[in-house]
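Colleague: I am new to this structure and would like to go through its charged side-chain contacts with you. Could you put it on the screen?

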Amino acid sequence: MIASFYPSSPVTTDKKLTSLTPSYQFKAFLAILSILLFFVLYTALVVSLGFLVYYAVIYDMGSVNKLTILMKAGAIAGAAMLFAFTLKFIFKLKNNKPANRIKLEKGDHPDLWAFINQICKETGAPKPRHIYVDPDVNAYVSYSNMWLSLFLPVRKDLTIGMGLVDCLNLSEFKAVISHEFGHFAQRSMKIGSYIISANTVIHGMIYSRDKWDDLLDQWRSSDIRLSAAAWVITPVIWIIRQVLALFYQFLNIMYSQLSREMEFNADKVAVSTSGSDAIISALWKLDNGVAKWNGTVNSAYLASQKENFVKNLYHHNALAISRDSEKQQDLIRNLPSDPRGGKQYFSTSDVSKVSMYASHPPNDKREDNAKFPYVHCEEDARTPWILFGEKDRVQEEMTRLIYEQYINKQPKNFVTTEIFEAFIQAETADEALSKEYADTFKNRFVEIPEKEVLASESQRLGIPDKTVFDKLKDELKLLMQPINELEELMLKAQQIAEGTSKEKAFSVHGLTYNKKNLQQGYEYLVNQREKLYNETFKAWDSSFFSSHYALAVKAGHNQELLKYYEQHRVLVNLYKTISNTKAKIYQKVNDAQAQGEITQGMINALQHTIKQSVAALNEDILNLADHDFVPLPNIETVDELQKAIVDGGSFKLETGNIFENGGFDRIANTLENAVVHCQRVEQKSIGILLKFHKELQEKAKIT
């Protein structure tokens, strides 16, 4: 049966295609050497400090008096603290058992297991111990037991992202899984487990602060006669941490160089089973697959605010991919032909934004590697879902998991496919109108003139015709030009920060920013954009809204339009209030921390201020009911509007000491979410304004 589900493999391939290169072997040697050096250093440190404890216990303190007893106790305690410092992080080596996975049993999914076993046979890789699925666009292999993998040949687990299954065809799926099994077959993967273990120990010793550090702080703050030993070992701890920090960097440099070679070799394994094109076309599709999946989950989250749930999110994700399929096919058809064979998918050194490939070599280098030499293979365009037994059951089980773990909701009221799809369409219905105005409304607050100004300006301007609106659009293009240039630099700064650009710096207004001052440069760009928005768009906004108000007066819809304008002002004011409240709270907390010594009275006053600020926001949200409400897409009532801004319709009023019971973190998280929600609501309000404007133009026969 598996033959009918298993895509064709290349007819002929060079047997040396997947052999390890001299560069791979040399970097593996360096990585192994760095691990050995670490374990020698670490063992020497543990043994030395263990002997120090032993010596502190057995050394003869001579005459017995208060001073010698204190010195003896201090020496033992100090040595024991140092010894505990070196050992405590070993116990942080844990088997990572992600909670967002579902185990696929062989009996329930025989075709998938047979498919995987056939790949194992073809690649010469050991079979996985378990196969799991998780919700996302990814695939990875992991040790089933991290501890045992350090000493024994432990079998590995395979995890397949269900979002990945949605966006690839069967050949591409085979290539990606073959890539993962390329790692299964690599003995150097064990090097990775040692380095992960070493990194856990080193990172914990350098950066982690826990009860051990709290105990040392308490010891230092005690009477100097008791704390002398604590002050003696403090610089010793600092020196150990500095030495290990250097080794931490060295270890990761060694492994990152080997990791690059491992990825190239795993790609060659994928080429050997699926040809050169499949793994590269899969890589090309992943970013779009992530965008669609994130959009589906976001829609589920927004719909859950109205207590609307669906049983199978993957059905809707497939629909989203299907709606975009023609566009994606056009993009593929328009890719340049590659003289080596097939299409050239990547021409620049960009790194994939998908988390599973974010740390991998640049995409164009991976394409060069996969096509040297080019290996042809027939494509199987079927969906990988044909391999899954009872796929609907698995998808529905994963959907429940997403609601519970990602959205923190227990689904109750399930809606039909049609209702949920209508919700998704309504979320993006007015995007085309925003693009018609160069997306000028996306990142700024518009300034709508008051009623009296609208009336006087509309009379002065007269009834506008097509030339007036064409002129407004031309003026807008000029206004947006410097904005677009700044946003291109902002995007470049983000890419530099993420490591997805080959450029290392950017320049603006005679200033150059690199990784050292990248955050400063990004903030400068944001401030410059905000300055342009505030200083150069006011006159344009006045003409834009006044011209449409003149059309509304002519059509007898001016009162209706004024309701839209007034609601937008109310929503923008609430958006600004929540954003400013969040900023002020953060500033007050930062100011308090900067003072160093802070009394309990100051803490109490700060807590009171924060709680009052949150209560004031609840009053503002409650006051939304005092205004005439114009329904927004997917927000039909004031109650739904309030819940769209903050979950439940109001901020939770925290009690007690919010800095100790987690209340401050909950307030901060809710405020962050509320700002994002306000942006969504504000964009919906702009959308219905633009739609109403469009209808006024159509009634006036301005096209």
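Colleague: Which residue does the side chain of D368 meet in a salt bridge?

Modeller: A salt bridge here is a side-chain nitrogen of Lys or Arg within 4 Å of a carboxyl oxygen of Asp or Glu. The pair links distant parts of the chain, 28 residues apart, with D368 in helix α12 (residues 363–370) and its partner in the loop between α11 (313–333) and α12; helices are DSSP runs of H or I, at least four residues, numbered from the N terminus. At 2.8 Å, N to O, the partner of D368 is R340.

Colleague: How far can I trust such pairs, and how are residues numbered?

Modeller: This is a predicted model, in which local features need pLDDT of at least 70 and side-chain atom pairs count only at pLDDT 80 or more, while totals for chains, interfaces and linings use all residues. Side-chain values use heavy atoms, without hydrogens and water, and residues are numbered along each chain, as its sequence is written, from 1.

Colleague: Is D380 buried or exposed?

Modeller: The side chain of D380 meets that of R382 in a salt bridge of 2.7 Å, N to O. Buried means under 20% relative accessible area, exposed over 50% and partly exposed in between, with a 1.4 Å probe and protein chains only. R382, at 33%, is partly exposed, whereas D380, at 14%, is buried.

Colleague: How many salt bridges does a search of the whole structure find?

Modeller: One further pair is R225 and D223, whose side chains meet at 3.0 Å, N to O. The search of the whole structure gives a total of 38.

Conventions
Helix = DSSP H or I, 4+ residues; strand = E, 2+ residues; numbered from the N terminus.
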